[in-house]
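Biologist: I'd like to go through this structure with you and ask how each label gets decided. Can we take it slowly?

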Amino acid sequence: MFRIGYRTAKTAVGTAVAIMIAQWFGLENFASAGILTILCIQDTKKKSLKAAWSRFLACILAMAFASVLFELIMYHPVVIGLLLLFFIPTTVMLKITQGIVTSSVIILHVYSAQNVTTDLILNELGIIAIGIGIALLANLYMPSVESKLIAYQEQVEENFHRIFTEIVRYLRTNEDRGWAGKEITEVEDLINEAKTLAFKDVENHFLRHENLYYLYFKMREKQFNILQRLLPLVTSISLKVEQSKMVADFMEELSEHIHPGNTALLYLKKLYDMRVKFEEMELPQTREEFEARAALYQFLKEMEDYLLIKSSFKGIRPNKENEMNTEEAN
């Protein structure tokens with residue numbers, strides 16, 4: 001079964017409405033209004049507005065070029081080619097190249113009329129206004145993506161929990177039990193998809209320049225980079241030492257609080273206290289113990305960066321339903 005998306009539905013309905021309105025007004029070449037609607041309906045409001053503006057300017061410019069060149073030279077296919085030689089570079093210079101296709105239709109309308117009149121200009125302006133106007137009206141509605149972003153958030157945090165669990169298990173046993181590590185690939189894909197969706201949400205709000213969920217997933221991406229560095233560091237520890245259990249207990253507690261509502265500052269304090277205890281313990285007696293403890297110390301330094309990234313994130317406000325307290329999430 002194929003699925004019809006909201007953009008497809010809007011395009012179909014908008015095109016039909018544009019053609020009907022243009023036909024009702026008795027405009028020549030009324031079907032061209034539908035073409036404009038199809039081209040101006042985009043997947044975000046900002047893209048739609050940009051496309052509409054580019055096509056509007058290009059169409060007005062095309063009418064001016066066509067009126068001057070056809071009337072001054074002649075109505076001949078060679079003149080169309082000559083017109084495009086000047087018209088296309090002009091659209092590139094004005095950064096309205098999106099309107100080249102639609103404006104070419106206007107040029108051909110003028111060519112077919114073989115005469116520039118006030119009625120012709122008004123007719124073309126009517127087609128442009130109806131086609132672009134219907135597209136902009138259709139794009140006023142964009143479905144909310146917040147529920148999808150929350151789902152991505154929960155999936156990312158669940159995978160973080162699984163990664164932490166594997167780290168805890170290895171710290172306690174020093175045994176490789178064949179963990180496939182699929183969560184690593186999943187997290188990377190989830191974060192990339194979530195950032196794309198969050199950025200699209202920004203494009204659907206004219207007065208919003210950033211999306212708080214986008215900032216959230218950027219923060220998780222930075223934390224994920226640290227986790228990727230931690231994994232080989234953990235597996236390099238071949239000797240069980242007392243400090244391994246302490247770090248494992250800390251990581252286990254942290255793994256249960258990878259969600260909104262728990263303070264990163266609290267765990268930074270615990271991490272600091274643990275590092276102080278490390279320094280107060282007896283010096284390592286063997287080379288293997290020294291290497292293990294050095295790796296654990298580096299591990300804690302990475303975890304400090306991990307928590308600092310979260311504690312500095314001050315994004316989503318907690319006073320709305322389903323929003324996250326960004327100052328208290330780990």
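Biologist: Where does Phe30 lie?

Modeller: Phe30 lies in the loop between H1 and H2. Helices here are DSSP runs of H or I with at least four residues, strands are runs of E with at least two, and both are numbered from the N terminus. Before we go on, this is a predicted model, where local features need pLDDT of at least 70 and side-chain atom pairs count only at pLDDT 80 or more, while totals for chains, interfaces and linings use all residues. Residues are numbered from 1 along each chain as its sequence is written, and side-chain values use heavy atoms, with hydrogens and water left out.

Biologist: Why is Phe30 called partly exposed?

Modeller: Buried means under 20% relative accessible area, exposed means over 50%, and partly exposed is in between, with a 1.4 Å probe and protein chains only. Phe30 has 30% relative accessibility, so it counts as partly exposed.

Biologist: What is Phe30 in contact with, leaving aside its neighbours within four places in sequence?

Modeller: Contact means heavy atoms within 4.5 Å. With those neighbours left aside, Phe30 is in contact with Ile19, Ala22 and Gln23. Phe30 and Met20 are ten residues apart in sequence, and 8.2 Å apart in space from C-alpha to C-alpha.

Biologist: What about Asn29: what is its phi?

Modeller: Phi of Asn29 is near 55 degrees, a positive value in a residue other than glycine. Asn29 is also found in the loop between H1 and H2. Its relative accessible area is 38%, so Asn29 is partly exposed.

Biologist: Which loop holds Gln114?

Modeller: Gln114 is in the loop between H5 and H6. Gln114 isn't a glycine, yet it has a positive phi of about 60 degrees. At 41% relative accessibility, Gln114 is therefore partly exposed.

Biologist: Now for residues inside helices. Why does Asn123 count as buried?

Modeller: Asn123 is at 10% relative accessibility, so it counts as buried. Its place is in helix H6, residues 118-138. Leaving aside neighbours within four places in sequence, Asn123 is in contact with Leu27 and Glu28.

Biologist: And Arg293: buried or exposed?

Modeller: Buried, because Arg293 has 13% relative accessibility. Arg293 is in helix H12, residues 287-311. Beyond its neighbours within four places in sequence, Arg293 is in contact with residues including Phe278, Met281 and Pro284.

Biologist: What makes Phe56 partly exposed?

Modeller: Phe56 is at 34% relative accessibility, so that's the label it gets. Phe56 lies in helix H3. Leaving aside neighbours within four places in sequence, Phe56 is in contact with Ile128 and Ile132. Phe56 and Leu125 are 69 residues apart in sequence but 9.3 Å apart in space, C-alpha to C-alpha.

Biologist: How do you know that the span of H4 is close to the one expected?

Modeller: The expected span is 1.5 Å times one less than the number of residues. H4 (residues 77-93) has 17 residues and reaches 25 Å from its first C-alpha to its last, close to the expected 24 Å.

Biologist: Where is the kink in H4 centred?

Modeller: On Leu84, with a kink of about 25 degrees. The bend at a residue is the angle between axes fitted to the seven residues ending there and the seven starting there.

Biologist: Which residues of H4 are buried?

Modeller: Val79, Ile80, Leu83, Phe87, Thr90 and Thr91. What covers them includes H3 (45-72) and H5.

Biologist: How many cavities of 30 Å³ or more does a search of the whole structure find?

Modeller: One. On a 1 Å grid over the protein atoms alone, a cavity is a set of points where a 1.4 Å probe fits but cannot get out, and lining residues have an atom within 4 Å of a point. About 40 Å³ of space lies in the largest cavity, a volume being the space filled by probe spheres set on the points, which are joined across faces, edges and corners.

Biologist: Which residues line the largest cavity?

Modeller: Ser32, Ile35, Leu36, Thr102, Val105, Ile106 and Ile127. Helix H2 (31-40) and helix H5 (100-113) are the elements that give two or more residues to that lining.

Methods: On a 1 Å grid over the protein atoms alone, a cavity is a set of points where a 1.4 Å probe fits but cannot get out, and a pocket is an open set with protein on both sides within 12 Å along at least five of seven lines; lining residues have an atom within 4 Å of a point.
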